[in-house]
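Me: Hi! Could you walk me through this structure in plain words? I'm new to this.

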Amino acid sequence: MLSRKTKYGLKALSYLAKQETNKPVQISVISEAENISQKFLESILLSMRKAGYLASKKGKGGGYYLLKEPEDIPIAAVYRILEGPIAMVPCVSLNFYEKCHDCPDEHQCNVHKLMIQVRDNTLEILENTSLKDFVLQN
């Protein structure tokens, strides 16, 4: 299940993508427009800033803005920053692989085989959807 953090992150980024390029938007404005707790939103936007997708400006007229064009922000990257691994089990993760302690042979494991399909289909969608595509779906 998608966490609130990732859901709210997608909503906030979508809001920023609809704004004038490089024009900072205050957290309070995003918070009110998207019905997200301001304190929670601060944490989310800070994560995205640290990852290089957002920048912020302090002082009067300050706020957050996209550092990259919406078409250059893959939803898969946002997901990994805010949610973590895309794979549902660690033994099929491409970036965070861990062997399952209860599985003697993952190549014979039906759960493993199914989760590879789930991962691959999910990746196909998330990697081929940019923030611009996401915004245009509305």
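Me: Let's start with the largest pocket. How many nonpolar, polar and charged residues are in its lining?
Reply: By class, the lining has 11 nonpolar, four polar and one charged residues. Here Ala, Val, Leu, Ile, Met, Phe, Trp, Tyr, Cys and Pro count as nonpolar, Asp, Glu, Lys and Arg as charged, and the others, Gly among them, as polar.

Me: Before we go on, what kind of model is this?
Reply: It is a predicted model, where local features need pLDDT of at least 70, side-chain atom pairs count only at pLDDT 80 or more, and totals for chains, interfaces and linings use all residues. Residues are numbered from 1 along each chain as its sequence is written, and side-chain values use heavy atoms, with hydrogens and water left out.

Me: Thanks. What volume does the largest pocket have?
Reply: About 190 Å³. Of the 16 residues that line this pocket, the closest to its centre are Leu-10, Ile-75, Tyr-79, Ile-125 and Leu-126. On a 1 Å grid over the protein atoms alone, a pocket is an open set of points with protein on both sides within 12 Å along at least five of seven lines, while a cavity is a set where a 1.4 Å probe fits but cannot get out; lining residues have an atom within 4 Å of a point. Grid points are joined across faces, edges and corners, and a volume is the space filled by probe spheres set on the points.

Me: Which helices supply at least two residues each of that lining?
Reply: Those are H1 (4-17), H4 (75-82) and H5 (110-127). H5 gives the largest share, five residues. Helices (H or I, at least four residues) and strands (E, at least two) are DSSP runs, numbered from the N terminus.

Me: New topic: H3. Which of its residues are buried?
Reply: Leu-41, Ile-44, Leu-45 and Met-48 are buried (under 20% relative accessible area; exposed is over 50%, partly exposed in between, with a 1.4 Å probe and protein chains only). Seen down the axis of H3, the buried residues fall within an arc of 95 degrees, so they line one face of the helix. That arc is taken from the directions from the helix axis to the C-beta atoms.

Me: Why would residues a few places apart point the same way?
Reply: An α-helix has 3.6 residues a turn, so residues three or four places apart point the same way.

Me: What's on the face turned away from the buried side of H3?
Reply: The exposed residues Lys-39 and Lys-50 are there. As for the buried residues, their cover includes H1, helix H2 (27-34), strand E1 (54-57), E2 and H4.

Notes: Contact = heavy atoms within 4.5 Å.
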